[in-house]
Amino acid sequence: GRIGKKMAEVCKGIGMEVVYWSRKSSDDRFKKVELSELFKTADVILPALVENEETRLILTKELLDSVKSTSVLVGIGRVKALWDEEYILNKVKKKEIAGYAFEGDNSNAVETYEGNVWALPAMAWHTQESLDNLMEIWVENMINFANAKPQNVIN
């Protein structure tokens, strides 16, 4: 998809060899492989799948068990719907996976994780375009409120 392609472009731009798997799309700039091969061979795995019934926990424990001990997994957005995060954290703790970086609804303090874990706040949405869009919505809301025509009313 769009996000996966952008991530692949950035990774290639910093010198990484990019392989990918996709349910629907293809891109001749990169090598497409089966999901099982990707998990067995990749040094860095960055899932960029939409969360829905078809993808829920699509990244199984069997796939996670096939990851090289030197690989790093990176979870963006709502990745917890795609794989079992506790399982990954346990594998990192036991040094069966080199590291795990993720963002989102971290309910644990950073120092509570064991092993090579980077727990980051939810920031994937934080682009200039999204900030500009939020500012535009805010300004429109203020103008409409001042004109007694509120929009985006909650109650």
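Reply: First, exposure: a residue is buried under 20% relative accessible area, exposed over 50% and partly exposed in between (1.4 Å probe, protein chains only). The model is predicted; local features need pLDDT of at least 70, side-chain atom pairs 80 or more, while totals for chains, interfaces and linings use all residues. Numbering starts from 1 along each chain as its sequence is written, and side-chain values use heavy atoms, without hydrogens or water.

Start with R29. R29 is partly exposed, at 42% relative accessible area. Its partner is E9, with the closest N and O atoms 2.8 Å apart. Such a salt bridge puts a side-chain nitrogen of Lys or Arg within 4 Å of a carboxyl oxygen of Asp or Glu. This pair links distant parts of the chain: R29 lies in the loop between β1 (19–20) and β2 (31–32), E9 in helix α1, 20 residues apart. Helices (H or I, at least four residues) and strands (E, at least two) are DSSP runs, numbered from the N terminus.

E9 is partly exposed too, at 32% relative accessibility. E9 also meets K6, at 3.8 Å from N to O. Here the spacing is local. K6 and E9 are three residues apart in α1 (residues 2–13), so about one helical turn separates them. K6 is exposed, with 52% relative accessible area.

Now move along the chain to D43 and K68. Their side chains form a salt bridge, 2.6 Å from N to O. D43 sits in the loop between α2 (35–41) and β3, K68 in the loop between α3 (61–65) and β4, so the pair ties together parts 25 residues apart in sequence. D43 is partly exposed, at 48% relative accessible area. K68 is partly exposed as well, at 28%. As for shared partners, K6, E9, D27 and R29 are joined into one network of salt bridges. The whole structure holds 10 salt bridges.

Inside, β4 (residues 72–75) pairs with β5 (residues 99–103) in the parallel sense, over four bridges. In this pairing L73 faces Y100 of β5.

Finally, the overall setting. The protein has five helices and six strands. Its C-alpha atoms fill a box of roughly 60 × 40 × 30 Å along the principal axes. Of its 155 residues, 30% are buried.

Note on methods. Pairing = 2+ DSSP bridges.
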